[in-house]
Structure formats: C-alpha cells, structure tokens
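Trainee: I would like a close look at one part of this model. Please take me through the side-chain links, one by one.

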Amino acid sequence: MRSGVIFGVLAALLAFPDALALKANDFKTCSKSGFCRRGRALSARAQEAQASWKSPYSLDPSSVSISPDEATVKASVKSSLYPDIKFGLELRIHDDGVVRVIMDEVDGLRKRYNEAAEWALVAEPKMSKTISWTAGKKDLRAVYGEKKNIQIVVSYDPLRVTLLRNGKEQIVLNGRGLLHMEHFRSKTVKETSEEVASDSSGEGQEVLQVENVRAWFEGESEDDWWEETFSSWTDSKPKGPESLSLDISFPNHGNVYGIPQHATNLSLPSTTGDDAPYSDPYRLYNADVFEYLASSSMSLYGSIPVMHAHSADSTVGVFNAVGSETWIDISYPTKKSTHTHWISESGIMDVFLLPGPTPEQIFTQYARLTGTTALPPHWSLGYHQCRWNYVSSDDVRTVQRRFDEEDMPVDVFWLDIEYAEDHKYFIWDSKTFPDPVKMTDDVAAIGRKMVVIVDPHLKRTDSYPIYKEASDMDILVKPKSGEGEYEGWCWSGSSSWIDHFNPASWDWWISKFKTNKIDTGFSWTQSTEDIHIWNDMNEPSIFNGPEITMPKDSIHYGGWEHRDVHNINGMLFHDNTAQAIRFRGDVPKRPFVLTRSFYAGSQRISAMWTGDNLGTWEHMAVGIKMVLANGIAGMTFAGADVGGFFGNPEPEMLIRWYQVGIFSPFFRAHAHIDTKRREPFLLEEPYKSIVRDILRLRYTMLPIWYTAFRENSVTGLPIVRPHYVMFPKDPVGFAIDDQFFIGSSGILVKPITEKEITETTVYLPDDQVYYDYFTHYAYRGSSQGNYVTVRAELHQIPVFIRGGSILPTRERPRRSSPLMKHDPFTLRVALSKSGTARGELYLDDGVTYSHQQGELVWREFVAEPSAKTTRISSKDLASANPSQTVDGVMLETYNPKNAFVKEIEEVRVEKVVVLGLSNKPKSVKVENGAELYWEYIPGVPASDKKEGTSSVLHIKDPKVIVTEDWAIVIS
Ligand code: NOJ
C-alpha cells in the first residue's frame, strides 16, 4: 500500500476514533429518545387501561366536506384534551383503490413538515372517479372496488379509519387509540405545586387540573419536550414536541414484511411482549452503524416506511410517508393478526393504505405511487470488482490483466476514496492516478466500466472548487443558527454538506459531472462517460455528529430542520448524481449510481448495497434477507458486499459468498482497506476454478436477470422474490427467507450460508416438478409443500427450474458482458407436469434510452403439447403489448423491425434443451423445415410422480433467429 494511503487512513483514524469500533452506545435505543419514550409510554398506559382507554381524538361530523368529484373528503378533528387546537383530516381515494389519509394541525403555532410524500411520489396520484361517500350519524363511509367489496369507514368518536374487504377489517388506523399528534406550543415555565398553592388568582390551579386531565393520556412529565441530550450532544429542539404516534393494525394478517433497512428475518419478529426477540422497536433513522449486528431492530443506512401485511387470503400494505426518525413496534396478538405502532419525531400524518389484495397488486399499487426501477445499464448486472482501495491506475490495470489471464468475467472496476487528493472527490491524486482518462479508456477497451466514489462531505478549503463554489452559492446546510455553514468531520477532515433540498444546488451539481469544460466553474474534464458513480456516506455520516450523523437542529432550505428530512436527505444526493450522469454527455445514457442511504423513491434511479457487513456466516445469511426486504419496499437493485466488508474470509466462505452474490440483483465484491487482497484470481485451486464457474454462471444468466428488470420496471414486482410473494396462499412459505425466486423466470435458489455443508433441504411449495439446474434431476413438490434433500458440496449451488419455465441463457464465456451482445442463446425448456412451459426474453442496447422509443426485443417462448407433439414457439410480445413494454413507457406502436432488432438480426438460438419429455421423439423439426440434429437421453418424464434424472432432449443449432417468430415441433 502506498504511503499516502497509509497516511490518509491513519490520519482519519486518529481524528475519528469512532470510526474504528462498534459501539452500540453510539446509537439511541428507544429509551434514550424522548419522543420514542413518550410514544411507548402512551402505548403502555393504553395497555394498562385496557377497555377503559379511549382515544381523545374525534371527528366533527358537521365539518365534513366532500369534493365535487367525491374522491376527497375533509373534516375537522379535535382532541378532547386540547379543545382549542384544531386538526384537519383528509382522505383521498385513488383510481387504483389506494387510500391516502392525511392529518395536520390547522392554524398551529408552526407548520409541520409536509413534503415527504412530494419527494417520494413519482407523480400526482389520479383520483377515483367512481367513489361516493356517505356521511352517517356515527361514521363516514365509501364503498368501492371492481366488485364493490372494499369499504373505507371513518368513525367519528373516537376517530378511527378502517379499510374493509368483504366486510372484514384489513387495516385499522387508531384502532388501539394510540394516535397522538403533539401540537406546537410555546414553552412555558412550569410552576411548582407550592407556587400554585400560594397563588391567589386561581389560574395556577386551573392549569394543574387541566394537566391532570391530560396526564392519563400524555403522562405527567414534559419528557424531553424542549431539549434533549444524548451522550455529549444536545439537541436544541426549537420547535418543542411535535411527534406523531399512530397505531396501525392488520386484523386477519399474521405476518408483516418490509420497513427496510434492518438486519433481520424477512417476516418481521415482534418487538413487544414477553417473548419478543427484540426489545426495541424497529428504528428508521438513516445511520452509519459500524460493524452492525446480524440480527437487530437497529437502524441502518436507509429507510423505507413501507410494510406488507399478509395472510393466506389477503395482502395489504401501508406506506407511511414520513421523513423524520421513526420507530415501529410490532406485536402479534394472535397468530392471525398484527399490531403495529409507528412513532415519528415530526411531520404530518400522510399514510397510504394499499388494499392489495395480492402481493402482486401491492407492488403495483406502491409502484404507481413511488415509481419502479428504470432499466439499469445492462453492464451493471455483471460482476463488479471493488476494494478500498485500488491504489493507482497501474493497480487497476494489473487487476484487469489478472482477470483476463484467468478468464474470469468482470464488467466494472471500482475506486474508493483514496483516488481523491485529500478526499476531495473529483480531484484525482495525481501521484497515483496520473492518467485517469487513459486508465478508464484502457478499462473501457473491452466494454468495461469504472465506478468512482463521490461522497457528500466537501472538504472546507477554498482550494477545493466544489466546496468553494457551493459556499459562494450559499447552498450548504446551515448550523442551528440558520447562518453560515454547518461544519462536521468526515474522511476529508473539516467538511460541509450540500443542501440538496435547495433547488439552486440541482443544476449546479449536475454541471460538475460534465466531461467537457463548462463556462463557469469546475467540471469533471478528468473523467469519461465510462465512469459511473458510487455515493457513500450519504445518511449523512458525520464522525463527530450525534449518532454519527448531522445534528437534528441543522437547517435546510426553507428553514426546515434536519430532523424533518433526515431520512430523505440521502436520496436527494444520489438522485441528483444520477441525473448528472444521465445528462453529462450529448446523448443521455442510463446512469449507474450506487447509494448507501435511501428512502422511498430511491429505487427509481439507483442501486443500493447493505453497507459494511462482517465477514461472518451470519452476515452472509442475513444479507439475503435484507436484499429480499429491500425488494419488498421497491428497492430491488440490491446486493451485499461479497466476501464481507470486514475480515479475511477463508476460501470456503468466499466461495459461498460468491454463490450468494451471483443470485443478488447487484453483484459486487468489496473489502475494507485493512483486509488482505482477495480478488478471485488470487485463490488457489480448486477454489479458483470454482469461482470462475460461479462468475460464468452469473454471465450465462444475464438474459434472465435483465428480463426480470424489465418486468420490475413495469410492475414493481421485485427482482428476487420470497415465497409469500410467489405462493401467497401457502403458509409454510410465509417465514421462508433463505431461498427465493428470480423474477418470473421459474428459478428457485437456496444459497448455502453455513460452514462445511454438503447437503441441504429445500422447500418445494407446490405440486410441480422442480429440475436441478445442473444435473436435470427432477424433484417433486406437492400441494401441501414438500421438503427435499439435495447435494450442496462447495462447488454446488442448489438451483432449480420450476416445471413450466423456459430460460434463455448465453453460454459462451466472455471477459465482459458487452462482448456477449451478438452471442447466440440457449433455451432450457423445463416442461411442467402437464407438458407445458413458458418464458420471456427482453433485450435492448443496454446503454441508451432508445428502448423507450421502442428499440427493443421482447419475446415469449411457449411449449405446448398436443396429440403426441410438443410445439415450442417464439412470438413477439412487444407488438402484442406496446403499452406495457418497459420502464412504464407507453409505446404508441411497436415496430418489430426497429433499429435494435436490425442490429442483432443475426443472433440465433444455438441450443434448445427440453427437460421432461415423456418419450423419445421420432422427429424434431423447425415447423415446415428440415429435420434437426438432436439427441435424446431417456429419463423420468415431467408427468411422472417419481423423482429421478429427467429425460433430456438436446436440439443442436436449430438456426432459428431470436428476433423472429418460429416454432420447433417435436413429434
Ligand atoms: C464506508 C462504506 O460503507 C465502505 O464501503 C467504503 O469502503 C468506506 N466507506 C470508504 O469509502
């Protein structure tokens, strides 16, 4: 390692010892957070009071007003404890049945933060046109849905909002009476009881009485209302108490999922009650948690307040659009119902109820609100090689050469913070990276890319143009005084942070990434369009800040405090970076931006990773669950550091980690600066060959991954899918989170995440045949579900193809994915027990936005049996479904002879493998064509009940073209 790097790291470690060791004490527990404590105490009082507990909030029936289109209803709400304080409630019903419930204080002393949804939503939701509300004596109701079976009921006193389906309660707000919107108030000096006793005016007595009346609900003390200290920090809380407590219950739903990011099981363990695995609520407060635990309800780097509640006959969801710190208690009062309690530090109530009733519909409903992941650049689905740090351009070149020498595919080389002089991002350290453009061109010569880190902390020195310009423009976050620049410590020493909430920062930030010289200020001429960006530390991580982040009383654009927007902050940074990459050249190109911090909506344009995991088996296992949980909340382009960020994994662990990695949407190896080099070419045999095969398998399956991304871009369905999403009626699968499916492809994977394993059990959820991907051994599921034992030696990954699937793959080993562009396809036709199969393939140029103009290929492959023949055909799906082709873009018409089709018109199917045929064929032909060359290996047919190696028909080079319609007839 070069001395500059050593010095930089040592300096950082000396300056920020906090960055060195895990300290749970660096972070608050609920009991150390004033508003969380207040929220939990409220819940405890309610529990104690049991039936006599009644929410003080009620709706005034005389205030109800219904909009002319009837989709929106507004009313006044009061709390009996504060008769002078006014609240407004608003319910909006969207055209897809989603119900938005908004509550805010009206004419309050101050304004509650109300912009979280604006940042999260992709567009203004469309209102229902068919709704009609009826205001009755006790409640207000509306009936809707295609079958008129959904009902939303707003009960007046106490206020309660209930979503019912077929007369059954699905989602209930304030059913447990924990709603409490702390109104703004002025700070008064409380008199002591002695002072009150000696006060002859009687006013003091009155105040005391009112306070006693309120105490049953709010508690007796003004617990941390006006100031709060944690460790050595004091939060000045100039607005006083303003938290929001809300209970959301899911009667009839016994599992909840989502609210990433936490290192925990997918089906969320409870946090209250004697047997609760966690004693603290799930916390959403974007935080840089050093050496995080592999099982905990603690906050991590990103927050998406989205939850699914699920049972065998229903799935519903909520999206609670809040940007401030939020804690969520979960309990399961019965096996079939769930209570949740959300406590947020500030902001209005803005909750979206997603009526489902299937997981698929929940994804679509949430995607319509916050958007889907735009199709990423195709190369970004390849293998990413990262470490902290590749220390020089020659180091990068050597690593690239070694991959090539070992015939290991890789698409992207990454540079961590040490490329930048004094951690001034964009500014190359000229001693070690004297030729960044040439280096990038060398990498790009075979279609590869570079990803370079740009962190949000700006070194406070006028010689750093990025800081200087931002400072001159006055677009940096301000300290609590509202004047000047907030200053904190990060890798670059004394630093400031751009306030991306300030619109003036947007175009400016975008201009910094231009690869050509711009008229005013800095632009990144020392870069090329082959460089993409990694946004790290954007929670933001601040080594000397409270809980390693920004003080909550720092000030953002519009005068909002950091506390109001903390969880949204990181999203704005990566979002603006992605826009910058998209528009930096003459032709817009798809950006790749990796972010550590994220919020609802982050999925639209960025990938995420699970941060600084440990090189342990537990972390490897929980990484899978975390990736699944992120997908539940829309953030589907996700992965964990392969190999573990910290530690030096032994070869066995590294190999297993690669096996996990190739089945993650985002696949990157990364390692801490103190770890030994562990690029896969450094392994000894047989490990090296095993990893080579693993990498190649990822590349073989790229068409499957890319096709799954297309589907996600339209439907919001995650790329990797847990059992409850695929088989929502099968209760056995509700808690399964160590095996999962890839898109709609029919691939089921169970990566091994334990030491010294040679076999494992896999759950097969339905009465279908499941073929081992590699050996073609046919396993049988059953209608009650079925566990099978499969081999899982170190070189083996349990991967199955569900009967009924057709998988397109590209089997020629290449050094990088762009080199595969003209490679032929293999189709694996895995017949179902009834002899059918179906699959899809989506292709486009993988780089530009021409796909949004219809330059793409979207095919459907179908295998159908009929009287002793099986016909396998390919048809054009894009022509049949122009409105749902990709990226949610409506194509007016689709031209099957578009420019992309022409570009790959030579690309053919070179092999078809049919699994599970019942008999040896007599003939295999392209329809109306000559006999093909084929070979049949007898084995167990798909229609059989027994296990065994399945029959396999290999059809060699049928010479059919992938962009054309064709059929192969097996008779
Ligand atoms: C923290 C990130 O999580 C890690 O991946 C990175 O290597 C270091 N910051 C240094 O940039």
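Is Asp95 buried, partly exposed or exposed, and what is its relative accessible area?

Mentor: Asp95 is partly exposed, with a relative accessible area of 40%. Keep in mind that this is a predicted model.

Start with the partner of Asp95. Asp95 forms a salt bridge with Arg368, and the closest N and O atoms are 3.1 Å apart. Asp95 sits in the loop between β4 (82-93) and β5 (99-106), while Arg368 belongs to helix α6 (residues 359-370), so the pair ties together parts that are 273 residues apart in sequence. Arg368 is partly exposed too, with a relative accessible area of 42%.

Now go to strand β5. Arg100 lies in this strand and Asp350 in strand β21 (residues 349-354), so their pairing ties together parts that are 250 residues apart in sequence. The two side chains meet in a salt bridge, 2.8 Å from N to O. Here the setting is buried. Asp350 has a relative accessible area of 2% and is buried. Arg100 counts as buried because its relative accessibility is 8%, and the cut-off for buried is under 20%.

Next, Arg37. Its salt-bridge partner is Asp223, with 2.6 Å between the closest N and O atoms. Arg37 lies in helix α2 (residues 34-49) and Asp223 in the loop between α5 (203-218) and β12 (228-230), so this pair ties together parts that are 186 residues apart in sequence. Arg37 is partly exposed, at a relative accessible area of 24%.

These pairs belong to a longer list. The count comes to 74 salt bridges. Some charged residues are linked in a network of salt bridges, including Asp235, Lys239, Glu242, Arg283 and Glu325. Glu547, Lys552 and Arg563 are also among the members of that network.

Then the covalent link. The structure holds one disulfide. The disulfide joins Cys30 to Cys36, with an S to S distance of 2.1 Å. The angle about the S-S bond is -105°, and the link of Cys30 and Cys36 is left-handed. Cys30 and Cys36 are both buried.

Cys386 is in no disulfide; the nearest cysteine sulfur belongs to Cys490 and is 17 Å away. Why does Cys386 count as buried? Because its relative accessibility is 1%. Cys490 is in no disulfide either, and its nearest cysteine sulfur is that of Cys386, 17 Å away. The sulfur atoms would have to be within 2.5 Å to count as a disulfide. Cys490 is buried, with a relative accessible area of 0%.

Methods:
Residues numbered from 1 in each chain as written. Predicted model: local features only at pLDDT ≥ 70, side-chain atom pairs only at ≥ 80, totals over all residues. Heavy atoms only, no water. Buried < 20%, exposed > 50% of the residue type's maximum accessible area, 1.4 Å probe, protein only. Salt bridge = Lys/Arg side-chain N within 4 Å of Asp/Glu carboxyl O. Helix = DSSP H or I, 4+ residues; strand = E, 2+ residues; numbered from the N terminus.
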